[in-house]
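Student: I have a structure open and would like to learn how to read its features one by one. Could you take me through them?

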Amino acid sequence: QLTQKLTDIQARHRDHARLYSAGKSVQNRELWVLRISANVTERALGTPMFKWVGNMHGNEAVGQALCVFLIDYLLDNYGQDDNVTSLVEA
């Protein structure tokens, strides 16, 4: 379900979201990364960034939910809310 959710998000926000795998878990599951940026194809040196990690432990669903909510919030409000737009374009 998470893979489908992230794939759907990327499809809706192609210009600002890029989904890729960082590798596989010990259970051979994809370790997904969803990059959010005003320019998802390249990153200039010195550009600030932050990383949120969810699913550090498989039985901790809150971390995953918070990451998905943050992803939705940032992408749905980009271009609509000045603070969100500023964060994504930083």
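Tutor: Gladly! Let us begin with charge pairs: a salt bridge is a side-chain nitrogen of Lys or Arg within 4 Å of a carboxyl oxygen of Asp or Glu. Keep in mind throughout that this is a predicted model.

Student: How many salt bridges does a search of the whole structure find?

Tutor: The search finds three. K5 pairs with D72, and their closest N and O atoms are 3.2 Å apart. K5 sits in helix α1 and D72 in helix α2, so this pair ties together parts that are 67 residues apart in sequence. D72 also forms a salt bridge with R12, with the closest N and O atoms 3.7 Å apart. Here R12 belongs to α1 and D72 to α2, so parts 60 residues apart in sequence are tied together. K5, R12 and D72 are therefore linked in a network of salt bridges, by the 4 Å criterion.

Student: Is D72 buried or exposed?

Tutor: D72 counts as buried, at 14% relative accessibility.

Student: Which side chain does E30 meet in a salt bridge?

Tutor: E30 meets K24, at 2.9 Å from N to O. E30 is partly exposed, with a relative accessible area of 32%, and K24 counts as partly exposed at 46%.

Student: What about a charged residue that is buried without a salt bridge? Where should I look for R35?

Tutor: Look in strand β2, residues 30-36. R35 is buried and has no salt bridge; E42, the nearest side chain of opposite charge, is 8.6 Å away. A polar atom of the R35 side chain does lie 2.9 Å from the backbone oxygen of V40. Beyond its neighbours within four places in sequence, R35 is in contact with residues including H16, A17, R18, Y20 and V40.

Student: Let us turn to helices. How do I read which side of a helix is buried?

Tutor: An α-helix has 3.6 residues a turn, so residues three or four places apart point the same way. Now take α1, where L6, I9 and Q10 are buried. They cover an arc of only 95° around the axis, which puts them on the same side of α1. What covers these buried residues includes β1, β2 and α2.

Student: Which residues of helix α3 are buried?

Tutor: In α3, residues 82-89, the buried ones are V84, T85 and V88. Their arc around the axis is only 100°, which places them on the same side of α3. These buried residues pack against β2 and α2. On the other side of α3, D82, N83 and L87 are exposed. Have a look at the start of α3 too: a side-chain oxygen of D81 comes within 2.8 Å of the backbone nitrogen of N83.

Student: Which residues make up the largest nonpolar core?

Tutor: The idea is to follow buried nonpolar residues that are joined through side-chain atoms within 4.5 Å. The largest such core here has seven residues: L6, I9, A17, L19, L34, I71 and L75. The elements giving two or more residues to this core are α1 (2-12), β1 (17-24) and α2 (61-77).

Student: How far apart in space are K51 and L66?

Tutor: K51 and L66 are 13 Å apart, C-alpha to C-alpha, and 15 residues apart in sequence. K51 is found in the loop between β2 and α2. At 70% relative accessibility, K51 counts as exposed.

Notes. Residues numbered from 1 in each chain as written. Predicted model: local features only at pLDDT ≥ 70, side-chain atom pairs only at ≥ 80, totals over all residues. Heavy atoms only, no water. Buried < 20%, exposed > 50% of the residue type's maximum accessible area, 1.4 Å probe, protein only. Helix = DSSP H or I, 4+ residues; strand = E, 2+ residues; numbered from the N terminus. Lys, Arg positive; Asp, Glu negative; His and termini not counted. Polar contact = N/O pair within 3.5 Å; in protein donor to acceptor, adjacent residues only side chain to side chain. Contact = heavy atoms within 4.5 Å. Arc of directions from axis to C-beta.
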